[in-house]
Amino acid sequence: MTQTIAPAAPPKKAGAFFTETVTHVQHWTPELFSFRTTRDPTLRFQSGQFLMVGLEVDGKPLVRAYSVASPSWHEELEFYSIKVQDGPLTSRLQKIQVGDQVLIGRKPTGTLVLDGLKPGKRLYMLGTGTGLAPWLSLARDPEVYDRFDQVIVTHTVRSVADLNYRELFETELAQDEILSEVIGDKLTYYPTVTREPFKTQGRITTLIESGKIFEDLGLPPLDPAVDRLMLCGGPSVLADLKVLLEARGYEEGSLAKPGDYVLERAFVET
């Protein structure tokens, strides 16, 4: 089910939030949906950052952190969300329709930014579930391809139906009049499924430890001298990836001290 309208007039501002208008809603599965909203012209963010997003409930803002799925240059904002039927926010947010209003925080933040990484040759973006969202932003940012020779986006999900945005990576970006020239042959998409038959199966940690991901991609094993990583997903997989990387000599980076990898702990679960 898809709904679309043209962007509305500039939205009104309110306190710590912009009040934006929903322009598009897509329900991918019974558990996953995405939506786009208008974007206040004064809002600036870096691809990979997140914003507080939500609704006004009983006169008060009910918000959670959402990675922005649209690139920083886009005129609209896009977000990718799970649906929790009894969740305080997503039980309501999943019912939004085109023309509804949502609250968007004025202050972007987050660690999944290029400036948190040292220079390198390859950039791996490892995402699980809706942890794909920041990669949707970064994969469409020309600066990523200025900094890295190869960009690998991985998306690990439970079911094949959860591989949302697959068409974007497999066909649409290559056909985009502007981005196709910027990206060239630098971008590789690597989807994996954990609970159903698929061409690539297993957790991303297992695929790294076994070396299968590198065998599949025709790339050498991870090397902290040249490979940089960004991680986003559920807390357990992030913890496992952190241990895996640091055992290989990787150091976590930040804006204050760029490193070999960065991760985002903000993850919408309600």
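## A tour of charged pairs and rings

Select E246 and K242: these two form a salt bridge, with their closest N and O atoms 3.5 Å apart. Keep in mind that this is a predicted model. Both residues lie in helix α8, which spans residues 235-247. They sit four residues apart, about one turn of the helix.

E252 is partly exposed, with a relative accessibility of 31%.

Next, go to helix α7, residues 212-217. Select D216 and K212. Their closest N and O atoms are 3.2 Å apart, in another salt bridge. The two are four residues apart in the helix, so about one helical turn separates them. D216 is partly exposed at 37%, and K212 is partly exposed at 31%.

Now pick three residues at once: D115, E143 and R147. A network of salt bridges links them. How many salt bridges does the whole structure hold? A search finds 11.

Time for the rings. The structure has seven aromatic pairs. Show Y66 and F79, one of the pairs, which is edge-to-face. The centres are 6.2 Å apart, with 75° between the planes. Y66 lies in strand β6 (residues 60-67) and F79 in strand β7 (residues 76-82), so the pair ties together parts 13 residues apart in sequence. Y66 is buried, with 2% relative accessible area. F79 is buried as well, at 0%.

Move to F169 and Y189. Why does this pair count as stacked? The ring centres are 5.0 Å apart and the planes are at 5°, and planes under 30 degrees apart count as stacked. F169 is in helix α4 (residues 166-175) and Y189 in strand β11 (residues 187-193), so the pair ties together parts 20 residues apart in sequence. Both residues are buried.

For the last stop, select R106 and F18. What sits over the ring of F18? It is the charged end of R106, 4.5 Å from the ring centre.

Technical notes:
Residues numbered from 1 in each chain as written. Predicted model: local features only at pLDDT ≥ 70, side-chain atom pairs only at ≥ 80, totals over all residues. Heavy atoms only, no water. Salt bridge = Lys/Arg side-chain N within 4 Å of Asp/Glu carboxyl O. Buried < 20%, exposed > 50% of the residue type's maximum accessible area, 1.4 Å probe, protein only. Phe/Tyr/Trp six-rings, centres within 6.5 Å; stacked < 30°, edge-to-face > 60°. Lys NZ or Arg CZ within 6 Å of the ring centre and 35° of its normal.
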